[in-house]
Each structure stands twice: as C-alpha cells, then as structure tokens.
Amino acid sequence: MNKEKFDVTGMSCAACSARVEKAVSKVDGVSECQVNLLTNSMTVSGDVTAETIIQAVTNAGYGASIKNEDGALKTEEDSNTTSADNSLKKTYDDISNGIFKRLYSSIILLIILMYISMGHHMFNLPLPGGKYVNPVSIGITELILSTIILYINRVFFINGAKGVKALAPNMDTLVALGSGISYIYSIINLYIMTTGRVEHLYFESAAMIVTLISLGKLLEARSKGKTTDALSELYELKPDTARIVVDGVEKIIPAKDVKLDDIFIVKPGEKVPVDGVVTEGVTSIDESLLTGESIPQDKFVGDEVSASTTNQTGHITCKATRVGKDTTLSKIIALVEDASASKAPIARIADKVAGVFVPVVLLIAIITFTIWMILGATTAFAISKAIAVLVISCPCALGLATPVAIMVGTGKGAKNKILYKNATSLETLAKAKNIVFDKTGTITYGTPVVTDILPAKGVNEKDLMRAAYSLEKLSEHPLAKAICEKAEKMKLLPENITDFTAIPGKGLKGNFLGKTLYGGNREYIENIAKPDKNASDLLNKLSKEGKTPMLFSENGNSLGIIAVADTIKEDSKIAIEKLKNEGLKVIMLTGDNEITAKAIAKKAGITEVIAGVLPQEKGSAIEKLKQSGITVMVGDGINDAPALTIADVGIAVGSGTDIALESADIVLMKNSLIGVYEAFRLSKKTLKNIYENLFWAFFYNIICIPLAAGCYYKAFGLELSPMIGALAMSLSSFTVVSNALRLNLFKINYEDYSKSDSANKADIISGEETDNKNSKNDSVKEDSSNTESHNKTNTNKGDNTMTKELKIDGMMCGHCEATVKKALEALDGVVSAEVSHEKNNAIVTLSAEVSDEVLKTTVEEKDFTVTGIEG
C-alpha cells in the first residue's frame, strides 16, 4: 500500500480524530496519516497492509474500512443509517434524518417531563390529582420519561463507553458523564425521598442535556452537508450510461462499465461517458465543465473528448482511451477530495490541544467539584458545576475549525475551475511574497501572430501579404504559420512557387512568373534588396517591442516588412496589476533573449525580468527567489514542471494534463491569469476564515469553562446551569460550520475584470501599448518609404475603440450565437462581439479598422446572412 483512503466510524470530536491519527501513525511502515473529522475519513501513506491499519483503528476503539470509490461518507451517526445514493450531500441528509427522528421523539417526551418537573413547581401548573399528588410518584414519572429519552439517545453512552474502554475519552464521554451523573444522582435522591425527606431531582437536566446535544448534532450535520455541495455537484456530473458498439450492435450500459478501447457513440445532447478519441463524425462539444470556455469546441476525427462534456450537434463514434478513475473528471474529483481531506499546517495547534482536551476537562470537572465541596457548597451545587463543565466543553469546535473552511474553500475553487491539490498549498499561497510567471503560453498565448504589415513605397498590403504567403506556405517554420493564417483571414490566394529553397537560419527563396521572391531575416534580405533609408530604425524599433521582423523582396526590390510576435493574453496585464496591488512581487522568468523578454514584460506591467534561462536552470532561479520569501511559480504545467515542483506553490494554468496534476499544487482549468489572482484571493479569504474559527473555538472554551465551573459566582454572581451549558455546546460547532459556509458568498467572476477596461484590453490584444503606438505613428510619418495606407492603418490604432452593428438573419439558438461570436472575435482588430439570436444582431467592438466586407464575409461563411451593417 502506497496511499490508501479509509472511512472511519465512531469519531465524534477532535479528540477522536487525534486518537485515531496517533494510533495509526505509530504503526511500523506508516509514513503519513491524516484523519479528517468533517468527512470521517483517513488517508494513510506507507508500506503497510490495509488490514494492519484497520486493526490499529479498531484497537483504538473505532471502526475503519477501505473507502468506497463512489464517494459516500460515513460519520459517527451512520452506524444505523445506510444509503444507496452515492451523493455526499444525500449521505449527510440521511444522517440528519436519523438524528431528526431521534430528536423529534426526545422533544415530545421532554416537554412532558419539563411540565411535570418545572411547570408544576415553578409556575404552579396543574397535575392529575391536584394538590394530593405524591412527590415520589412525580419523581417516578420523571424517572420513566428521562429513562426513555436517554435510551433514545443511547448513542452518546455507547460511543462514550467505547472511548473510556480504549483509554480515549471523547466528546460523547463528556456528554454521557454529564447526563449520567445527573440521572444517577436523581435516582439516589428519589430513594431518599421515600423516607419522607424532600430532595432535588435532576432528571430533566439529564434528558435536556442529551436532547440539546442532539439538536446541535442535527444543525451540524445539515451544515456539513452544505459544505460538501461542490463535491456532490462533481459526482452528479458523471454520466449514468454509455452507448457502446459490440459486434455492430448498439448497447446501453452503465458508464462505469465501459472498458478501455471500447467503441462508444455519442448523440446530440448526450454526455460523453468516458475520455476518448473521435474515430467517426464531426461535432461541437461543450467543454465549459472542464475549461470554463463557454463557446463549444469543434471536434474532428482524431480529436480527444472528455467524460461529462456535452455533445452539441453531430453524431460521433469514439474509442475509449481513459475509463473509471483515469478520466479527467475522475482525477479532478480525486484532487478535490484529497484537498478537502488534507490538513493545513495551521491545524496542528488545534490538533495538539484536541489530543489532551477531554482528559483535561475531566480533571477540571473533578477539581471543580472538590473545590466547591471544600468551600462548603451543597453536594447538589458542586455536582451541578461539575456537570456544567463537562457538557459545555467542546472539542468539536476545535476539530472542525480548519477542515470545514478547507472543505468549503476548495469546493468554491473547484466550482470556479481552481483546483487546490492540498490544504497546504491553499495556506501557503495566502502567505506568498513572490510570484513568478513563465512567459510563453502563460503570460502570452504561446502562438505567434502577425502584428504589423508594413509595405514598401508603391506596394500595398495585399501584394506584400500575397508574396509572403506564397513563400511561407511551403515552410514548416512556426513564424510561417502565423503569416499563412493571416493571409487566409484576408482571403488571399497564394501564387504557384517553383524552385523553392529554404536557407536554414536565414530565409526562403522561390520563383513565380519569372520573378524571384525572397523572404527572411534582416541580414539575409539586406544583402539582396536595396534597403529603405529609414528601414533600419524601424527594424530596431520592432525588435525592441519584442517582435520578429521578416523582410520580403522581389527581384532585388523591397516589398516591405511583416512583424510577427507572440502576443500577451488579453487579461494578463489586468491580473498582474491586481496581484501587484495585493503586495506581491511579480517576476517574469523566460528563456527568451533579454530584449524580447523586457518588451513583453513592459506590456504586461512587469518590471523585474529573468531572461535567457534554460529550462533546466529555472529551478535554480526559483531556489534563489525562495530565500527572500514564499515563492509561487505560474506556468503551463508541462515545460515548467521542474520549476513548479521546486516552488513553494506551483500553479499550472489552463491545463488538466496528467503532468500538470502531478507537478502543480494548484491547477487552473480556465486558461486565464485572472484565475491566479482569484486563487490568491480565495486562499487569503479561507485562511482568514480558519483564523476566525480557531479564535471562536479557543475563546469559547477559555470563557465558558470557567463560567461553568462557577469561577465568577463569588465575585459577580454569575453561574451557568448544565442545561444552558448543553445548549451552548450544541451551538458551538454549528457556529464554526456556519462561519465556514460564509465562504460560499465569496464571488469569483472572471468576466468582471476582462470588461473593466476595454480600451486597455484592445491595446493588449493588438500587442502594443499606447505609447508604442504613438511613437510608431511618429516614426511612420517620418518614413517616406511607407505608403499612405500604412500610415492610415496605424493612425486608426488610437486609444478609442469603435463599434459596428451587424444585422444577421438565420440564427436560431445559443449555439448559433457562439458560432458567430467565435468567428468575429478571431478577426484582427475585433475586441469583442456581443451576439443575440433574439435581436438578430451582433455588436462588434473594434480596436482597428475592419472593413464591412470582411465582417460580412466572415459571418456568411458560417451560413448566416448579413442584411446590413451600421456604424
């Protein structure tokens, strides 16, 4: 056994979980043991058999079994409650129902008991027999009623006795002692009353204590059920059935029974049952469950599909590649479960206190009784104070303070595509001082795009792009792909090139219609074509902006320059600014040259850059930064795996890959740096909630135990009855859980930030800052070799955006809207497109001039009709 999960039964408080953890940790071969009171589960790592672990738990006075893979939870209340439903919330609902039935019966009998014991004596309420009622007969009636109530709530006595037998007293032990002493003392007094003496009876206290504690358990169980909402929702996402094909025959089977390499069919509107690869058909898949991307993704033969994503349109046949626990969704669920069950370092203090809490409380109760007897108090008064100490003390609040906050916090993150691997990463992130970003694929998109088209004098943009396209379509270079994609968006057709030659490290050469075309870097082209007088300054400027200029010529005459760059993500600058405002030191770490790195960093708002670092050297850079404080590394989870592992916290952005789940401490399924900022905010909020819970748990016991013991009675006349103590104890755990549930009110909204500054967003998308654009316009004005169209293009890239409204016919649903939106936003110069099939229009926000013809053609290629364009 390397790592195994167990369900633990019989635990009722933090003292129980501490006892189980201590017992298992002593077993030879166990390297780590974590017990979670909230989920009543245990995770054990080491070289030891499951049977040995179960025996160790049994010897400690509790029960254990290997955890059910369906995710059902067990608690101390479920020995008589089973559920065929695998939902965590349903399990807690069943527990709540069991407690409610017990509580309902207890309250009915308690009302009768309180009427007899207190209503008659305190308020002179009538009883059968009137003034001739015998006090002993009243006492016997109270004895019968209280005995029934104690029997209904016998779980406290059973679990309390088990704790004593195992030399591990727990919360149930305290409750059982408090209630039991009241009950036994009352029986003794009842016998004395048969001699004619009048004594106080405390049967109602014994019954009230267990009833109020049951009330607290009910509130606690229902609150716990709410903390597992996120996990419950993840389980509910799992598909129930799958359509597999066996010998050409379609069969519907449970999704959990699909085997590796099975062939399955997914029809429109159905969920993909397991991870697979498309073998037949074309469709669009809604992957928002995993990626947060609202636009459905087109899938073709050879493309991968993930379990629980929804097929939108086509009929596809797939081959199962990952099933059961290996699917992406299952791994995400396992990640969230592990994080919820893990312990944060801050929990160690509470665990240490909880480990000795109950024995200390028992000792305080004995001391309380003894001191009051020495001071001359009556036996009844001394017993009352001792009982109050027993029933008001609450180790549960200590035990729940951290795990409930971790459960809700990690669940809140999971709902918003932020996956914490463990509680330690959540706590550490909240205390971070440095945050390091990889450049390519993290701050930037990781895909080169054309940023500038600068034709020479007498050449227009289309002629330059057509010539470049004709050459580059024959090249395999990544920059060639950027030019080809741009030309295809411009609806250009390439020329037929002959005698094509690629010169490694320099450029390309080819012939068409008797002309010779050249394309490549500055050194290569300047030896062939006549340089423009101001070209050198322009090329230097482009390089300083982090762009790669590619020069083209025809028969020795310059055609112009096309600049290509890896542009930063539209929300990178916003996220980095937010992180800096939180007091974090933001650093960019990249293998790029210093000029390119600093240009990208400037656009992203980063002032500190570590450039020219090889992949194997990134770890050393992180180690140095760790010396100045807790350091977070943010990367794509693949090329940055070593650095993510070395950092105090590693965050993988936009990746659900196996390597990301292994190397990163936090995985952001949505490919947005806003997620890094939100993960930091959520971590801080959760840690603050834990502090609040711990303060309440310690404060409650520090204040209430002396009050219950009567420490303030002589000086201030303050005292606490056992019944009030029981009520306070019942509400203490509920208060902690309720406080943790406030984390569900924490708002995470990626869209709010992306829409906060549309003008700034437009600058980022185009890959240029406003000052770069203005200085570039000045440079263009001085460059007589550039055409009027070149100047016009740059002038349009001002600070202000513009909008156009397209009237569109043919859209019928949300998918139609998504198709049009995706097509329009793929165009250069388009910041955003708000599409409505109900209004039959699209409001397009532009950062640069885009012709009506291009907008119209783009929409009509998707089989819709543009009836007009305004703006």
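These notebook entries record what I looked up in the structure.

**Entry 1. Basis**

I am working from a predicted model, in which local features need pLDDT of at least 70 and side-chain atom pairs count only at pLDDT 80 or more, while totals for chains, interfaces and linings use all residues. Residues are numbered from 1 along each chain as its sequence is written, and side-chain values use heavy atoms, with hydrogens and water left out.

**Entry 2. Overall make-up**

I found 33 helices and 30 strands in the chain. Helices (H or I, at least four residues) and strands (E, at least two) are DSSP runs numbered from the N terminus. The chain has 871 residues, of which 54% count as buried. For burial I use relative accessible area: buried is under 20%, exposed is over 50%, and partly exposed lies in between (1.4 Å probe, protein chains only). I then looked at contacts, meaning heavy atoms within 4.5 Å. Among contacts in the chain with a separation of 6 or more, 69% come from residues 24 or more positions apart.

**Entry 3. Helix α11 and its partners**

I took up α6 (residues 171–193) and α11 (residues 347–374), whose axes come within 9 Å and cross at roughly 20 degrees. Axes here are lines fitted to C-alpha atoms, for helices over the stretch in contact, and angles run from 0 to 180 degrees between N-to-C directions. The crossing angle makes α6 roughly parallel to α11. In this scheme angles under 35 degrees count as roughly parallel, over 145 as roughly antiparallel, 65 to 115 as roughly perpendicular and the rest as oblique. From α6 the contact uses Met171, Leu174 and Leu177, and from α11 it uses Val358, Val361 and Leu362. By class, I noted six nonpolar residues in this contact, no polar and no charged. Nonpolar covers Ala, Val, Leu, Ile, Met, Phe, Trp, Tyr, Cys and Pro; charged covers Asp, Glu, Lys and Arg; the others, Gly among them, are polar.

I next examined α1 (residues 14–25), which packs with α11 at an angle of about 105 degrees, the axes being 8 Å apart. That angle makes α1 roughly perpendicular to α11. Ala14, Ala15 and Ala18 of α1 meet Asp351, Ala354, Gly355 and Val358 of α11. I counted this contact of α1 with α11 as five nonpolar, one polar and one charged residues.

**Entry 4. The faces of α19**

Which residues of helix α19 (residues 535–544) are buried? I listed Ala535, Leu538, Leu539 and Leu542. Seen down the axis of α19, these residues fall within an arc of 100 degrees, so they line one face of the helix; the arc is that of the directions from the helix axis to the C-beta atoms. An α-helix has 3.6 residues a turn, so residues three or four places apart point the same way. On the other side of α19, I found Asp537 and Lys544 exposed. Just after α19, Gly546 takes a positive phi of about 85 degrees.

**Entry 5. Salt bridges**

I recorded 27 salt bridges in the structure, each a side-chain nitrogen of Lys or Arg within 4 Å of a carboxyl oxygen of Asp or Glu.

I looked up Lys299 and Glu287, a pair whose closest N and O atoms are 2.9 Å apart. Lys299 lies in strand β10 (residues 297–299) and Glu287 in the loop between β9 (283–286) and α9 (288–291), so the pair ties together parts 12 residues apart in sequence. Both Lys299 and Glu287 are buried.

Glu719 and Lys385 also form a salt bridge, at 2.8 Å from N to O. This pair links distant parts of the chain, 334 residues apart: Glu719 is in the loop between α26 (713–716) and α27 (722–741), and Lys385 is in helix α12 (residues 379–392). Glu719 is partly exposed at 42% relative accessible area, whereas Lys385 is buried at 2%.

I also noted a network of salt bridges that links Arg243, Glu250, Lys267 and Glu270.

I found Leu167 and Ala60 to be 8.2 Å apart, C-alpha to C-alpha, and 107 residues apart in sequence.

Thr327 is in the loop between β13 (316–322) and α10 (328–341). Thr327 is buried, with a relative accessible area of 4%. Leaving aside neighbours within four places in sequence, I found Thr327 in contact with Val274, Asp275, Ala307 and Arg322.
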